[in-house]
Amino acid sequence: MNSSLFAQLSNLVGPEKTELLCHHFGGISYYIPVVPTQKHKFLAYISLEDFKKICSEFGGNRLILPKARSAFKKHVIQELLRQGRFSVRRIADITGSTERYVSRISGEISAAEPEDDLPLFHNLGG
C-alpha cells in the first residue's frame, strides 16, 4: 500500500498537504479512525475537512506514511516516467536515484496500467 499511498493521499487532500503529513509523520504507523476525532495528530497540519476525506478512505486502518523525501522523490520519478521525455538513466541522474530504483518504479507503473489489445488484431475478420 505504501508505494501508492502518497499518490492516493495526494488525490484526496493535495500533494502539498500530503508532503507535509509525510514530513511530520512518515515512517511511523498511525491509526485512522472510521469517525474523525478532533484530537488526531494529523489535525495539527491539515483541516478537519481534509481529515474527514482520509477517514472515509482509510478509516479503521493503520497507515504507515512514507518518509517525505522518499515519497516526494518517487512521485517526481513517476511523473517523469509518465511524461516519457527522459530515459531511465537520465531520470536517475535528475533525481539522484539509481537506475535500478527508477526501473523498478517504471515496472510498477507498467503493471498497474491495463494492457491494450494489439492494434494488429483489430482489423481481422472484416
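Accessible areas here come from the Shrake-Rupley method with a 1.4 Å probe. On that basis the chain exposes about 8,400 Å², and carbon and sulfur atoms supply 52% of this area. The model is a predicted one. Its chain has 126 residues, of which 32% count as buried.

**Overall make-up**

- The secondary structure of the chain consists of 6 helices and 2 strands.
- Read from the N terminus, the order of the elements is α-α-β-α-β-α-α-α.
- Taking the contacts between residues at least 6 apart in sequence, 60% join residues that are at least 24 apart.

**Helix 4 with helix 6**

- Helix 4 covers residues 68–83 and helix 6 covers residues 99–112.
- The axes of these two helices come within 10 Å and cross at roughly 65°.
- Because of that angle, helix 4 is roughly perpendicular to helix 6, the range for this class being 65 to 115 degrees.
- The crossing in which helix 4 passes helix 6 is right-handed.
- On the helix 4 side, the contact is made by S70, K74, I77, Q78, L81 and R82.
- On the helix 6 side, the residues are Y101, V102, I105, S106, E108 and I109.
- Sorted by class, this contact of helix 4 with helix 6 has 6 nonpolar, 3 polar and 3 charged residues.

**Helix 4 with helix 5**

- Helix 5 is made up of residues 88–95, and its axis comes within 11 Å of the axis of helix 4.
- The two axes cross at roughly 150°.
- Helix 4 passes helix 5 in a crossing that is right-handed.
- Helix 4 brings K73, V76, I77, L80 and L81 to this contact, where they meet I91, I94 and T95 of helix 5.
- The residues in the contact of helix 4 with helix 5 divide into 6 nonpolar, 1 polar and 1 charged.

**Helix 4 with helix 2**

- Helix 2 takes in residues 15–25 and packs with helix 4 at an angle of about 145°.
- The axes of helix 2 and helix 4 are 8 Å apart.
- E19, C22 and H23 of helix 2 make this contact with A68, A71 and F72 of helix 4.
- The contact of helix 2 with helix 4 has 4 nonpolar, 1 polar and 1 charged residues.

- Y101 has its place in helix 6.
- Y101 counts as partly exposed because its relative accessibility is 23%, and that class lies between 20% and 50%.
- Apart from neighbours within four places in sequence, Y101 is in contact with S70, K74 and I77.
- Y101 and K74 are 27 residues apart along the chain, and their C-alpha atoms are separated by 9.2 Å.

- K73 lies in helix 4.
- With a relative accessibility of 27%, K73 counts as partly exposed.
- Not counting residues up to four places away in sequence, K73 touches T95, G96 and S97.
- The C-alpha atoms of K73 and T95 are separated by 6.9 Å, with the two residues 22 apart along the chain.

Definitions and conventions. Residues are numbered from 1 along each chain as its sequence is written. This is a predicted model: local features need pLDDT of at least 70, side-chain atom pairs count only at pLDDT 80 or more; totals for chains, interfaces and linings use all residues. Side-chain values use heavy atoms; hydrogens and water are left out. Axes are lines fitted to C-alpha atoms, for helices over the stretch in contact, and angles run from 0 to 180 degrees between N-to-C directions. Helices (H or I, at least four residues) and strands (E, at least two) are DSSP runs, numbered from the N terminus. Angles under 35 degrees count as roughly parallel, over 145 as roughly antiparallel, 65 to 115 as roughly perpendicular and the rest as oblique. A crossing is left-handed if the near helix is turned anticlockwise from the far one by less than a right angle, and right-handed if clockwise. Contact means heavy atoms within 4.5 Å. Ala, Val, Leu, Ile, Met, Phe, Trp, Tyr, Cys and Pro count as nonpolar, Asp, Glu, Lys and Arg as charged, and the others, Gly among them, as polar. Buried means under 20% relative accessible area, exposed over 50%, partly exposed in between (1.4 Å probe, protein chains only).
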